[in-house]
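Reader: Please show me the structure. Then I will ask what lies behind its labels.

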Amino acid sequence: MFRRREPVPFAFIAEADKFRSNVTPPPRERPSAAQVVGRTLIGLVVAVGLAGSLLVGMPALSPDQSPGHTQQSEASDGR
């Protein structure tokens, strides 16, 4: 690869690491009580939904308790 010999026109970008600002950012706004309660309720709803889906889905994930029982269609009974 060839290197460019001319100076980079945006050399000030390389010096940006050295720059320190004396301007402090504004303090973060504290959430109101309603926002905290709302976020907590949303978290609880999500957690309860996940727990409920596990409780409802567990029977479908568990293996059959009686492996000897086989299903037979009613159409094959009359033949």
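Author: Some questions on the labels follow.

Author: This is a predicted model, where local features need pLDDT of at least 70, side-chain atom pairs count only at pLDDT 80 or more, and totals for chains, interfaces and linings use all residues. Residues are numbered from 1 along each chain as its sequence is written, and side-chain values use heavy atoms, with hydrogens and water left out.

Reader: Why is L41 called partly exposed?

Author: Its relative accessible area is 49%. Buried means under 20%, exposed over 50%, and partly exposed in between (1.4 Å probe, protein chains only). So L41 counts as partly exposed.

Reader: Where is L41 found?

Author: L41 sits in helix α1. Helices are DSSP runs of H or I with at least four residues, numbered from the N terminus. Helix α1 covers residues 33-61 and has 29 residues.

Note on methods
Helix = DSSP H or I, 4+ residues; strand = E, 2+ residues; numbered from the N terminus. Expected span 1.5 Å × (residues − 1).
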